[in-house]
Amino acid sequence: MALSALIIGGCATTQPTEPIPVILDVTPAPGIEVNFADSNVANALVVLSGSITQAGTLPKLTLQLKNITQIKLPLEYQVVWLDKDGAPLTTSSAWQQLTMTGNAARALMSIGKSPEAKQCLVSIRFPVSVEIFVPAPDPTVVQQQMQTQAQY
């Protein structure tokens, strides 16, 4: 009996699992498109909700994100406001920095700078590493600065 169970169990095959596709573009609400820079960002964040409302005559974006990892994530995001035809407006914002703690949700907000802004494109990425070369200071200049400071 045990031998037949072993033989039957040995014949069972498991189907190979298909890789889960990574979604890099999300549309949480009409007029809002969210682009993740790469699969690492897309696997770390979830868009919970989004809306565009009016703040006086200007549109206001509210986008709720959740960090689904256990670690604190530094992020950068940019909101590009578009007119009703989808053309970018020149009043869009620069890259903004944001830190999200592990398993936490946070809202991003942006106000369009023009009443013509009707839609928006939000891009999210991990910060681009920047290396800055700072040359070693000239010892004579440092000595002069120290002497000047000592005089005061």
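**Notebook: salt bridges and sheets**

As background, side chains of opposite charge can pair when their charged atoms come close.

Before going on, I note that this is a predicted model: local features need pLDDT of at least 70, side-chain atom pairs count only at pLDDT 80 or more, and totals for chains, interfaces and linings use all residues. Residues are numbered from 1 along each chain as its sequence is written, and side-chain values use heavy atoms, with hydrogens and water left out.

**Arg125**

Which side chain does Arg125 meet in a salt bridge? I found Glu76, at 2.7 Å from N to O. The pair links distant parts of the chain, 49 residues apart: Arg125 sits in strand β8 (residues 119-125) and Glu76 in strand β5 (residues 73-82). Strands here are DSSP runs (E, at least two residues; helices are H or I, at least four), numbered from the N terminus.

I also looked at rings around Arg125. It lies over the face of Trp95, 3.6 Å from the ring centre; to count, NZ of Lys or CZ of Arg must be within 6 Å of the ring centre and within 35 degrees of the ring normal.

Then I searched for aromatic pairs and came back with 0. The test takes rings of Phe, Tyr and Trp (its six-membered ring) with centres within 6.5 Å; planes under 30 degrees apart count as stacked, over 60 as edge-to-face and the rest as tilted.

**The five-stranded sheet**

I traced an open sheet of 5 strands, ordered β1-β2-β8-β5-β6, with mixed pairing. Its edge strands are β1 and β6 (96-100), each pairing on one side only. Neighbouring strands are turned by 30 degrees against each other on average, direction ignored; axes are lines fitted to C-alpha atoms (for helices, over the stretch in contact), and angles run from 0 to 180 degrees between N-to-C directions. I call two strands paired if DSSP finds at least two bridges between them.

Going pair by pair, I have β1 (residues 25-29) and β2 antiparallel over 3 bridges, with Ala29 partnered by Ile32. These two strands form a hairpin with 2 residues between them, and Gly31 in the turn has a positive phi of about 85 degrees.

Parallel or antiparallel for β2 (residues 32-36) and β8? I logged them as parallel, over 5 bridges. Ile32 turns up here too, opposite Cys120 in β8.

β5 and β8 run antiparallel, joined by 7 bridges. From these I noted Val80 with Leu121 and Tyr77 with Ile124.

**The three-stranded sheet**

I found another open sheet, with 3 strands in the order β3-β4-β7 and antiparallel pairing. β3 (45-55) and β7 (105-111) are the edge strands, each pairing on one side only. The twist averages 15 degrees from one strand to the next. Strand β4 (residues 58-67) is joined to β7 by 7 bridges, and Leu61 stands opposite Ser110 in β7.

**Confidence**

Last, I checked pLDDT, the predictor's confidence in each residue from 0 to 100. The mean is 82, and 72% of residues reach 70 or more. Over residues 1-9 pLDDT stays under 50, and I see 0 contacts there beyond four places in sequence, contact being heavy atoms within 4.5 Å.

Conventions: Salt bridge = Lys/Arg side-chain N within 4 Å of Asp/Glu carboxyl O.
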